[in-house]
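These are my notebook entries on one protein structure. I set down what I looked up, in the order in which I looked it up.

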Amino acid sequence: MTKDRKIIRHTFSVLTDNEPGVAARIIGLFSGRGYNIDSLTVAEVDAAQHLSRITVVTSGTPMIIEQIKNQLNRLVPVHKVSDLTTEGPHLERELALVKVRGTGEKRVESLRIADVFRARVVDSTIESFVFELTGSTEKLNAFINLMQPLGLVDVSRTGVVAIARGPEAL
């Protein structure tokens, strides 16, 4: 694959008006053009100005990523689009709740691994645990993969939230 056709993961931070239908319009932009959304989170970030931040993680060639950025910028309720992947250092985090069923040695091993990953036990029964874990997508994936042979039952994830490093605002 040549360099200009390489598919790269990008994280966009989109500042929008906090009004009904904005997230649906952004999702429609992606689905209408056949682009995949790997992660999507939305939350109000400024109640006084009625602004929300939408964090979208997607993958594509440089040309597709540029098209996505341009099309997001054209949406009326969008105030600013930042491609955090290319605009400098940024932080990304995700939260997961991971339910693991097990007794005996598997139970002990799941607790040991949770300690290594700094996962918190937020629910416990005689036969199961629910762990809360925050970190990078890769960290969460690694934890989940290690829990599978120990009795992984269920996973719930928030999706990626991201913010640029430094003193500047979006």
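**Entry 1: Charges**

I began with the charges of the protein: the mean positions of the 21 positive and 20 negative charges are 4 Å apart. In this count Lys and Arg are positive and Asp and Glu negative, while His and the chain ends are not counted. I took the place of a charge as NZ of Lys, CZ of Arg, CG of Asp or CD of Glu.

**Entry 2: Ground rules**

I note that this is a predicted model, in which local features need pLDDT of at least 70 and side-chain atom pairs count only at pLDDT 80 or more, whereas totals for chains, interfaces and linings use all residues. Residues are numbered from 1 along each chain as its sequence is written, and side-chain values use heavy atoms, with hydrogens and water left out.

**Entry 3: The whole protein**

I looked up the secondary structure and found four helices and nine strands. Helices (H or I, at least four residues) and strands (E, at least two) are DSSP runs, numbered from the N terminus. Along the sequence, I read the pattern β-α-β-β-α-β-β-α-β-β-α-β-β.

The C-alpha atoms fill a box of roughly 55 × 50 × 35 Å along the principal axes. I found an accessible surface of about 10,000 Å², with 53% of it belonging to carbon and sulfur atoms. Such areas come from the Shrake-Rupley method with a 1.4 Å probe; for residues, only the protein chains shown count as cover.

Of the 170 residues in the protein, 36% are buried. Buried means under 20% relative accessible area, exposed over 50%, and partly exposed in between (1.4 Å probe, protein chains only). I also looked up contacts, meaning heavy atoms within 4.5 Å. Among the contacts with a separation of 6 or more, 71% are between residues 24 or more positions apart.

**Entry 4: Helix α2**

I asked what span helix α2 should have and how far apart its end C-alpha atoms are. The expected span of a helix is 1.5 Å times one less than its number of residues.

In α2 I found I65, I68, K69, Q71 and L72 to be buried. The buried residues of this helix pack against β1 (8-17), α1 (22-32), β3 (51-60) and β4 (78-83).

I then looked up I68 by itself. Its relative accessibility is 0%, so I68 counts as buried. Not counting residues up to four places away in sequence, I68 touches F12, F30, Y35 and T58. The C-alpha atoms of I68 and L29 are separated by 8.4 Å, and the two residues are 39 apart along the chain.

I64 is also found in helix α2. At 25% relative accessibility, I64 counts as partly exposed. From I64 to I54, ten residues apart along the chain, the C-alpha separation is 19 Å.

**Entry 5: Aromatic rings**

How many aromatic pairs does a search of the whole structure find? I recorded four. Rings of Phe, Tyr and Trp (its six-membered ring) pair if their centres lie within 6.5 Å; planes under 30 degrees apart count as stacked, over 60 as edge-to-face and the rest as tilted.

One of the pairs is F131 with F143, which is edge-to-face at 5.8 Å centre to centre and 85° between the planes. F131 lies in strand β7 (residues 128-135) and F143 in helix α4 (residues 137-151), so the pair ties together parts that are twelve residues apart in sequence. Both F131 and F143 are buried. I also noted one aromatic cluster formed by F117, F129, F131 and F143.

**Entry 6: Two loop residues with positive phi**

H50 has a phi near 55°, a positive value in a residue other than glycine. H50 lies in the loop between β2 (37-46) and β3, and at 49% relative accessibility it counts as partly exposed.

R118, also not a glycine, has a positive phi of about 60°. I located R118 in the loop between α3 (104-116) and β6 (120-124). Its relative accessibility is 72%, so R118 counts as exposed.

**Entry 7: L152**

Lastly, I looked up L152, which is found in strand β8 (residues 152-157). L152 is partly exposed, with a relative accessible area of 26%. Leaving aside neighbours within four places in sequence, L152 is in contact with V98, K99, V100, I144 and M147. L152 and G102 are 50 residues apart in sequence and 8.6 Å apart in space, C-alpha to C-alpha.
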